[in-house]
Amino acid sequence: MAVRYGSSRGRAPELGFADVLLTGLAPDGGLFLPTDWPTLPAHTVSTSSSYVDLAAEVIQPFVGGALSRVDLQSILEDAYASFDHPDVCPLVQLDDGHHLMELFHGPTLAFKDIALQVVGRLFDHELKCRRQRVMIVGATSGDTGSAAMEAVRGSEQVDIVVLFPHGRTTEVQRRQMTTLKDPNVHAVAVQGTFDDCQDLVKAMFGDEPFRERHSLAAVNSINWARVMVQIVYYVWAVQRLGRGVQATTFCVPTGNFGNVFSGHVAARMGLNVDRFLIASNRNDILSRLIETGEMRAEEVVPTLSPSMDIQISSNLERLLYELLDGNGAATAELIAGFRDHGRAALTPAQHQRLTAAFSGDRIDDSETLAIISEVYDSHGMLVDPHTAVGIGVAQRHRRAGEHVVSLATAHPAKFGDAVEQATGVRPELPPHLADIFDSREDYAVLPNDLATVEAFIDGLSVRGLG
Ligand SMILES: *Cc1c(COP(=O)(O)O)cnc(C)c1O
């Protein structure tokens, strides 16, 4: 039985997987969600398997007829072949009752590779079937951009333009985007914040002639296919730790709420989850929502964990839709209120349902450095600042007897300055990135202005995309 997808705002026609993959945002402005949750077969947690076999099993019901099992399996094998660990997402013990799951073994050293390496290939497969070509336009706070570019570089069906906030990414993050030589990938530094970049992308999608002219597509974190692929490693952790019977807590360093929402889906499918700990840096709208039941946007402050410097967590809409009992009109109203007034409140009953499944807390930069240093001193292990935020929240909130898996979302070398500041040790880049500081960079710097950015993209087409 193939899953169908509807919009969180309830005013778009239901679609199958292939259309949801290519459409990204629903036509009513909402986010796609399955109309029913498939059930996780019991053996996925009770019987050990390879990561790829587990992924095929978990993902198959969501793609339905769009892809045969053989094609899915071969896409997954291909996607994870470049990972530098045979387990794809290895688990390491940190303390008694506290594991780290390393999600950074892909080509760009952040967890985004796990989904995007698959989603890029799903795009390619579907577009080939349809004999179509698209231009992917995306915004990145640092990690999504390179992961998306890496996932589609060299594709004949896809060109990609990625906007990133000028001067607000680390040098490694920027160089991972600006040193790729493939003619179908383009990096643009925007003089603004990540939220400005996201607004520009939304505005380009809202500009119908522009969207049509370039066949725009998106692979940003609201794309259902990314959420879907990330479900797998939650199941993987439970299988690997043999914890099918006792409930497990996951602690997730959170920005756009995509990663943790995937965990929530795994729980909806029947995975035995105790609760989710949502770890924020000083941009803590999510932990405040959990504490107060109110969403209130504040200015984005730059931190040592830039991939979580976000005040508007786009994937949260999927959870709000559930908290509002699948009422699309009410979800649309809540989101519009937040957009217009910078605040929106849950009812006490909705707030209670949120806190039953999610707890949250924030870790500031000086605490982040202290955690990196403490983990190095006691375990000889270097962790990146995003991972440290998660570890800090897990340590602070773990109850007696609770088993926590903290997600390590980036390789320490991706945020080497912060790690060195905390420990005095410079983490080494893996061999495939060792020469990144010597490679020539190629990117445009543009003002935070829609017309200028659109003109730049029009120019790419005129030049035949390099
Ligand atoms: C993107 C990212 C996050 C935040 O993930 P969301 O899905 O946006 O919540 C955390 N850590 C790192 C290293 C990231 O790249």
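Ala, Val, Leu, Ile, Met, Phe, Trp, Tyr, Cys and Pro count here as nonpolar, Asp, Glu, Lys and Arg as charged, and the others, Gly among them, as polar. These legends describe a predicted model, in which local features need pLDDT of at least 70 and side-chain atom pairs count only at pLDDT 80 or more, while totals for chains, interfaces and linings use all residues. Residues are numbered from 1 along each chain as its sequence is written, and side-chain values use heavy atoms, with hydrogens and water left out.

Rolling a probe the size of a water molecule over the atoms shows where empty space is left. A cavity is a set of points, on a 1 Å grid over the protein atoms alone, where a 1.4 Å probe fits but cannot get out; its lining residues have an atom within 4 Å of a point. Grid points are joined across faces, edges and corners, and a volume is the space filled by probe spheres set on the points. E5 gives the most, with 4 residues. Look for Ile-136, Thr-144, Val-161 and Asn-220 among the residues around the space. By class, the lining has 8 nonpolar, 4 polar and no charged residues.

**View B. The second largest cavity.**
This cavity has a volume of about 50 Å³. Helix H1 (17-23) and helix H5 (112-130) each supply at least two of its lining residues. The lining includes Phe-17, Leu-21, Leu-67, His-125 and Glu-126. Sorted by class, the lining residues are 6 nonpolar, 1 polar and 1 charged.

**View C. Strand E4 between its two partners.**
In strand E4 (residues 98-102), 5 of the 5 residues are buried, so the strand is largely enclosed by the rest of the structure. Buried means under 20% relative accessible area, exposed over 50%, and partly exposed in between (1.4 Å probe, protein chains only). In a regular strand the side chains alternate between the two faces of the sheet. Here His-98, Leu-100 and Glu-102 point one way from E4, and His-99 and Met-101 point the other way. Two strands pair if DSSP finds at least two bridges between them. E3 pairs with E4 in the antiparallel sense over 4 bridges, and Gln-93 has His-99 as its bridge partner. Their hairpin has 2 residues between the strands, and Gly-97 takes a positive phi near 75 degrees there. E4 also pairs with strand E14 (residues 404-408), this time in the parallel sense over 5 bridges. In that pairing, Met-101 stands opposite Leu-407.

**View D. A salt bridge between Asp-87 and Arg-240.**
A salt bridge is a side-chain nitrogen of Lys or Arg within 4 Å of a carboxyl oxygen of Asp or Glu; a search of the whole structure finds 29 of them. In the bridge shown, the closest N and O atoms of Asp-87 and Arg-240 are 3.5 Å apart. Asp-87 lies in the loop between helix H4 (69-80) and strand E3 (91-95) and Arg-240 in helix H10 (residues 224-240), so the pair ties together parts that are 153 residues apart in sequence. Asp-87 is partly exposed at 23% relative accessibility, and Arg-240 is partly exposed at 37%.

Arg-343 and Glu-294 meet in a salt bridge at 2.8 Å, N to O. Arg-343 sits in strand E12 (residues 343-345) and Glu-294 in strand E11, 49 residues apart. Arg-343 is partly exposed at 38%, whereas Glu-294 is buried at 18%. Glu-298 forms a salt bridge with Arg-288, with 3.8 Å between the closest N and O atoms. Here Glu-298 is partly exposed at 45% and Arg-288 is buried at 14%. Both belong to a network of salt bridges that also includes Asp-284, Glu-291, Asp-361 and Arg-396.

**View F. Thr-331 and its contacts.**
Thr-331 has its place in helix H14 (residues 328-341) and is buried at 1% relative accessibility. Not counting residues up to four places away in sequence, Thr-331 touches Ser-8, Glu-317, Tyr-321 and Leu-324, where contact means heavy atoms within 4.5 Å.

Note on methods:
1 Å grid on protein atoms, 1.4 Å probe; cavity = no way out; pocket = protein on both sides within 12 Å on 5 of 7 lines; lining within 4 Å.
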